Every structure is written in structure tokens, then in C-alpha cells.
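I opened the file to go through it from the whole chain down to single residues. My notes follow in the order in which I looked things up.

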Amino acid sequence: MTTALITGSTAGIGAAFARRLAAQGHNLVLVARDTERLGEQATELHDRHGIEAEVLRADLSTEEGIGAVEARLADARHPVDLLVNNAGFGNKGRFLEVPMTDELTMLKVHVEAVLRLTAAATGSMRSRGRGGVVNVASVAAFLPRGTYGASKAWVVQFTQGAARDLADSGVRLMALCPGFVRTEFHQRAGMGTDNIPNWMWLDADKLVAEALADLARGKTLSVPDPRYKALMGVAKLVPRGLLGGISSRTGRKYGPQ
């Protein structure tokens, strides 16, 4: 039986990955900061699906937290076959309104942790000749808007570049770029969502099902849902300067309140 490790597993897209993979019979390593929620999640998934669910409390904004997950991924006695780098967060405010410490923490979680955990996972996967990594980015990666979008753009470029370098190794890597998903993300960041149109919201479980199907097809980039595929297609045709203005106005309309 294969094992998947999911960061940020207790809510939102991470929890949807955990539900889907457990239903498919995968054992899980659940990673998050809240020990109590991790325990409840592990018990529920074990009881419902009969899989083994290991919990690992780790804060990926700290050296200790990243190191703990790196060590688990490198454990040859209990190999991980699929890594889902999902942990992330948003900051409320424009550039220079957000404290620099918060900006650097975001880069620690979205960039450094993704880099190090992907390296730890793929190193052992390559030696076995199989494995997969899903790095959760965002459609914000394609829009010139703030540190969040910039960090997710890095995730996309890094993942697709690493996928090319490991193309003949049996290890698959994919960047997942969802749009708005009903999770705890906006609430934690203090962002209002009442003015976001209903049609822009995605269902986390459907999103994960499509993402895993794209990974199985060997895609290195997944933009779930035809609506967002169309929006991103239009975005590619808009001049960069104009796109920046549209993105800024849209961010004020649909972003932090």
C-alpha cells in the first residue's frame, strides 16, 4: 500500500486530498500545526477507510518544522510515494502595509519549505524509480499582484523546471493552480469574501479529483475547472501592464476587506 504525505492537511484543499487519497486506499502522513485537529482527522480517516494515518505536527515557517518533515520524507524504512505541498496562507494588505516579518514568513512557507520538501521527497523517489509531487500554487501565479502571487509564480516555475530535470526518473511533479476555493484561507487572513461571485468558487473535492487525474496523465501544470482555464487563457493575451492594473483593481474588489 502506498503512502502520501500532505502538508496543511487539516483544512481546505489539504483535507480534500486526505479524504480522496484515503478513499483510494493510500496510507497517509498528515502534517499541520494543530495537534488536536490532526488527531481527530487521523482517527476519522482510519475509521472510515481502514487506512493507516500517521500525524506529524510541524510549523513550516520554522527551521525545526521543515527539518522534521524533511526527515520523515527521507526515511527509507517508511517511504512516501506522493508528496502534496499544500501548506500556505495569505497576508491582508498591499505591499508596504504588511510587516516585513510576515512577508518573509510567507516566503519561508511558500518557497523554502516547498523547495526543501520537494528535494527530500524526490531524492528517495528517484532511487526507487517512482513517486509523485503535487505543489499547490494558485492562479494568482499568473497575475502581477503582490508577494502571494510572486511566491506562487515561483512554485509553478520551480515545479515545471524540476519536472523536466526528472522526466526520465519515474518521478512526476505537478503544480496545481486553483482559483477561489471555500476554505479557511480567507478567514485566517482576515479577507472578506461576500463580494466574490458564486461562479468563481470551486469545490475542493472536485478540484482534487481533477488534480489527481492530471497528475496521472503526466501533466506538470493543472488549472482545474474550465472557467479558470478560460480566464487564464484570456490573461495570456492581455498586455502585461494592462494586466497589472486589472489585477490590482480585482484584488481590491475581491481581496482583503
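Predicted model: local features only at pLDDT ≥ 70, side-chain atom pairs only at ≥ 80, totals over all residues.

**Helix crossing, then the rest**

I looked at how α1 passes α7 and noted a right-handed crossing. Helix α1 covers residues 12-23 and helix α7 covers residues 204-216. Their axes come within 9 Å, and I read a crossing angle of roughly 65 degrees.

I then listed the residues that meet there. From α1 I have Gly12, Ile13, Ala16, Phe17, Arg19, Arg20 and Leu21. On the α7 side I have Ala204, Asp205, Leu207, Val208, Ala209, Ala211 and Leu212. I sorted the residues of this contact by class and got 10 nonpolar, 1 polar and 3 charged.

**Whole chain**

I counted 9 helices and 9 strands in the chain. The chain has 257 residues, and 49% of them count as buried. I checked the contacts between residues at least 6 apart in sequence: 70% of these join residues at least 24 apart.

**Arg72**

Is Arg72 buried or exposed? I looked up its relative accessibility, which is 11%, so Arg72 counts as buried, the cut-off being under 20%. I placed Arg72 in helix α3, which runs over residues 63-73.

Next I asked what Arg72 touches beyond residues up to four places away in sequence. The list is Leu5, Val29, Glu54, Leu56, His78 and Val80. For His78 I also have a polar pair: a polar atom of the Arg72 side chain lies 2.6 Å from the backbone oxygen of His78.

**Leu96**

I stopped at Leu96 for its backbone: phi is near 80 degrees, a positive value in a residue other than glycine. I located Leu96 in the loop between β4 (82-85) and α4 (100-128).

**Tyr148**

My last stop was Tyr148, found in helix α5, residues 146-165. Its relative accessibility is 23%, so I put Tyr148 down as partly exposed. How far apart are Tyr148 and Asn91 in sequence and in space? I noted 57 residues along the sequence and 7.7 Å from C-alpha to C-alpha.

Technical notes: Residues numbered from 1 in each chain as written. Heavy atoms only, no water. Helix = DSSP H or I, 4+ residues; strand = E, 2+ residues; numbered from the N terminus. Buried < 20%, exposed > 50% of the residue type's maximum accessible area, 1.4 Å probe, protein only. Polar contact = N/O pair within 3.5 Å; in protein donor to acceptor, adjacent residues only side chain to side chain. Contact = heavy atoms within 4.5 Å. Axes fitted to C-alpha atoms, helices over the stretch in contact; angles between N-to-C directions. Left-handed = near helix turned anticlockwise from the far one by under 90°. Nonpolar A, V, L, I, M, F, W, Y, C, P; charged D, E, K, R; others polar.
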